[in-house]
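Here is a friendly walk through some side chains, helices and loops. Please have the viewer open as you read.

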Amino acid sequence: MVEVEGGIRRVTFAMPLGIDHVHCYLLPASGGGWTIVDTGLGLPDAGERWSRIVERLDAPVERIVITHFHPDHVGAAADVAGLTSAPVLQGAQDYEQCVSTWGEHRIESRMPDYLREHGAPEADAESFYEEGKAFVKLVRYARDPELLMAGDDVDGWEVLHLPGHADGHLALLREGLLVAGDTLLGSISPTVGLYPDSRPDPLADYLTSLERIVELAPRIALPGHGELIDDPAGRSRELIAHHAERLEQTAAALDGQPQSAYDVSMSIFPEPLSPTLRRFALAETRAHLEYLVRRDGARRVDGGGRVLYSDKDRP
């Protein structure tokens, strides 16, 4: 736990995933206590880890804010709520997806069927069943949180809705300081993927979110991973340019026979990837393909249980 800006403390937890750590933040609250933003992955010892953090605080935790429902951000929410007796605040749309992805409304076959539909080999689709069960065990979200909407005020912080990386992704802004979650990362591009039951054009959502950050021009951003970002508007412009280049690469990869999103992902991400990372690559490729389709830059062909994409000029 280190102090990073204006009395805000950053807590960093190691993770056994592709990204090896996640940051959570402790914001000084007007009532003299603390606001926790994000809770990390729900590893078996998450409650123990947080207990050691809370014991070091000089005042109680007043509330817990979740930026988005991904496992490394919401996973230990129930543990931290139980430890502190603090209410959990989460976006209304985000909580709905949280329940459908990790809770009683989860459909085990949804993601494997999606992978098959978009060209993934059967072995990759089948492997998701066990991986999905493993991830569910690492997510202990808080039931019935206080629901947040864009424009709400949380102890003087403005709630922003910045979709793209996740449909209901929220961030907090006050006095030029942006608690950004995974909307902005300094050294890598946040994943922007198209998944079952998600908003239909996540890349357009994300580009709009980046443009919003440029417009707001915060002084500094506190990301969910990596170092502080001292020029959030500049980093947003870099990510906009990155996705413009990726769209060009995606369009160029369609010069030929109709292909599945999985096949196109092999052109865009040719390096050997684990099944997990290849699924991320497929979802990100789909987001770019659908962005092109919606702007007459590519064609989508549905039929026979498969979805294929082709160059816009191909009949």
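Trp50 is buried, at a relative accessible area of 1% (buried means under 20%, exposed over 50% and partly exposed in between, with a 1.4 Å probe and protein chains only). Phe13 is buried as well, at 9%. This is a predicted model, in which local features need pLDDT of at least 70 and side-chain atom pairs count only at pLDDT 80 or more, while totals for chains, interfaces and linings use all residues. Residues are numbered from 1 along each chain as its sequence is written, and side-chain values use heavy atoms, with hydrogens and water left out.

How many aromatic pairs are there? The count comes to two, where rings of Phe, Tyr and Trp (its six-membered ring) pair if their centres lie within 6.5 Å, and planes under 30 degrees apart are stacked, over 60 edge-to-face and the rest tilted. The ring centres of Phe13 and Trp50 are 5.2 Å apart with planes at 65 degrees, so this pair is edge-to-face. Because Phe13 belongs to strand S2 (residues 8-14) and Trp50 to helix H1 (residues 46-55), the pair ties together parts 37 residues apart in sequence. Helices (H or I, at least four residues) and strands (E, at least two) are DSSP runs numbered from the N terminus.

## Tyr95, Tyr141 and helix H4

Tyr95 and Tyr141 form an edge-to-face aromatic pair, 6.1 Å centre to centre with 70 degrees between the planes. This pair links distant parts of the chain, 46 residues apart: Tyr95 sits in helix H4 (residues 92-102), and Tyr141 in the loop between helix H6 (122-136) and strand S7 (146-148). Both tyrosines, Tyr95 and Tyr141, are buried.

## Arg286 and helix H10

Arg286 lies in helix H10 (residues 275-294). Is Arg286 buried or exposed? Arg286 is buried, with a relative accessible area of 10%. The Arg286 side chain makes polar contacts with the side chains of His118, at 3.5 Å, and Tyr309, at 3.3 Å. A polar contact is a pair of N or O atoms within 3.5 Å; within protein, one must be able to donate a hydrogen and the other to accept it, and residues adjacent in sequence count only if both atoms are side-chain atoms. Beyond neighbours within four places in sequence, the contacts of Arg286 are Tyr114, His118, Leu194, Ala261 and Tyr309.

H10 also meets H6: Pro275, Thr276, Arg278 and Arg279 in H10 touch Asp124, Ser127, Phe128 and Glu131 in H6.

## Ser236 in helix H8

Ser236, in helix H8 (residues 232-252), counts as buried at 0% relative accessibility. Not counting residues up to four places away in sequence, Ser236 touches Leu184, Leu210, Ile213 and Val214.

## Two loop residues with positive phi

Most residues other than glycine have a negative phi. Ser85 has a positive phi of about 60 degrees although it is not a glycine. Ser85 is placed in the loop between helix H3 (77-84) and S6, and is exposed, at 69% relative accessible area.

Glu175 also has a positive phi, near 50 degrees. Its place is the loop between strand S10 (170-174) and strand S11 (177-181), and Glu175 is exposed, at 73%.

Conventions. Contact = heavy atoms within 4.5 Å.
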